[in-house]
Amino acid sequence: MTKTIMVSNQKGGVGKTTTTLELGAIYARKGKRVLIIDLDGQVNISMYVNAKYDDKNIPTIRDVLLEIKEIMNHLEAEAEKEDDMQDDIITRSIQTTGEGFDIIAGHRNLSNALAEFSDTTDVFLLKELISCMEDYDYILIDSAPARSPLLNMGYVAADYCLILTEADKASQDGVKQVVTDIKLLKKSKMSAISILGIVLNKNEDLKNQEEAYKDLCAFGKTNHCMPFTTIISKAAGATTAKNMYKSIHAYHDTKGVDKRSIQGILNDFENLADEIEQRILKIER
């Protein structure tokens with residue numbers, strides 16, 4: 001059964017894209033079928049895996065969602081024809097990456113989401129798309145930081161939410177905003193998403209880490225979203241890997257790389273991937 005995981009925080013720069021990329025690479029290396037959906041108008045993850053996001057012959061996530069929206073507005077009498085149209089654009093949108101997973105690329109004009117996806121029912125468009133993706137073990141959604149119709153689409157479509165944060169107050173405030181939005185969507189019966197937990201990311205200072213982790217535990221206890229045991233350390237190699245359009249794992253395999261400099265962060269992401277699987281198993285028992 002497909003597990004759809006939304007990676008989120010309503011503050012930018014906390015490591016959502018890096019985490020999505022690394023989890024996709026790890027699960028693909030484990031033999032899992034993985035699809036990443038780039039729902040961020042900055043298209044960073046699409047760029048990092050050399051996906052084509054500006055080729056008119058390859059539909060982006062924006063094209064797919066607009067097509068599904070158009071199809072869902074048609075009469076039921078056209079249902080069979082519409083299903084064929086929907087399957088075609090979805091098939092053409094999926095690109096296979098050198099990392100071993102598939103991706104539906106983002107689009108720069110996703111920033112216009114408020115104008116393009118303003119209808120009440122548009123919040124279900126991504127869920128409709130994902131319902132056609134039964135062949136995947138994991139679908140990972142890289143989300144934009146700001147509140148938008150796309151962010152709500154992700155919360156409605158996903159089974160689980162992974163919240164990323166750094167130790168600073170602004171990042172932790174972003175965590176609280178995510179939890180508040182999810183509670184409202186669940187209260188209105190629009191979403192059944194479960195929060196897997198909070199990941200403390202880009203750690204450098206042990207004292208700040210301890211204080212932030214303590215605060216996250218206190219928040220998690222009252223909001224059913226405990227932080228993960230795994231804390232992601234900061235490593236210069238992570239930035240170098242992205243600049244080379246590679247995951248940290250692929251960068252680690254590159255000839256001539258000082259593997260010791262990135263082994264710590266590699267282990268962190270592998271431990272996080274294992275912990276995510278354990279939490280999903282616990283929820284689904």
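Predicted model: local features only at pLDDT ≥ 70, side-chain atom pairs only at ≥ 80, totals over all residues.
The mean pLDDT of the chain is 90, and a value of 70 or more is reached by 96% of its residues. The lowest mean, 73, belongs to helix 4, which spans residues 79–93. The highest, 98, belongs to strand 4, which covers residues 102–104.

One helix pair was examined for its packing. Two packed helices are described by the angle between their axes and the distance between the axes. For helix 8 (residues 169–187) and helix 9 (residues 206–223), the angle is about 10° and the axes lie 12 Å apart. Angles under 35 degrees count as roughly parallel, and helix 8 and helix 9 are therefore roughly parallel to each other. On the side of helix 8, the residues that meet helix 9 are Gln172, Val175, Lys176, Val179 and Lys183. Their partners in helix 9 are Ala212, Asp215, Leu216, Phe219 and Asn223. Sorted by class, this contact of helix 8 with helix 9 consists of 5 nonpolar, 2 polar and 3 charged residues.

The interior was then considered. In soluble globular proteins, nonpolar side chains tend to be buried together. In this model, the largest nonpolar core contains 46 residues. Within this core, the residues with the most contacts are Ile37, Ile61, Leu65, Leu126, Leu129 and Tyr155. Helix 7 (residues 149–157) supplies the largest share of the core, with 6 residues. Another core, of 43 residues, lies apart from the largest one and includes Ala28, Ile45, Leu266 and Phe269. For Ile61, with neighbours within four places in sequence left aside, the contacts are Ile37, Asp38, Leu39, Ile104, Ala105, Gly106, Leu110, Leu126 and Leu129.

Ile36 is placed in strand 2 (residues 34–39). Its relative accessible area is 0%, so Ile36 is buried, the cut-off being under 20%. Beyond the neighbours within four places in sequence, Ile36 is in contact with Thr20, Leu21, Gly24, Ile45, Phe101, Asp102, Ile103, Ile104 and Leu140. Leu23 is 13 residues away from Ile36 along the chain, and the C-alpha atoms of the two are separated by 9.9 Å.

Lys69 is located in helix 3 (residues 61–72). With a relative accessible area of 14%, Lys69 is also buried, because this value is under 20%. Not counting residues up to four places away in sequence, Lys69 touches Glu116, Phe117, Asp119, Asp122 and Leu125.

Most residues other than glycine have a negative phi. Lys189, which is not a glycine, has a positive phi, near 65°. Lys189 is found in the loop between helix 8 and strand 7 (194–200). The relative accessibility of Lys189 is 74%, so this residue counts as exposed, the cut-off being over 50%. Tyr245 also has a positive phi, of about 60°, although it is not a glycine. Tyr245 lies in the loop that joins helix 10 (236–243) and helix 11 (248–252). With a relative accessible area of 43%, Tyr245 is partly exposed.

Notes: Residues numbered from 1 in each chain as written. Heavy atoms only, no water. pLDDT = per-residue confidence, 0-100. Helix = DSSP H or I, 4+ residues; strand = E, 2+ residues; numbered from the N terminus. Axes fitted to C-alpha atoms, helices over the stretch in contact; angles between N-to-C directions. Parallel < 35°, antiparallel > 145°, perpendicular 65-115°, else oblique. Contact = heavy atoms within 4.5 Å. Nonpolar A, V, L, I, M, F, W, Y, C, P; charged D, E, K, R; others polar. Core = buried A, V, L, I, M, F, W, Y, C linked by side-chain atoms within 4.5 Å. Buried < 20%, exposed > 50% of the residue type's maximum accessible area, 1.4 Å probe, protein only.
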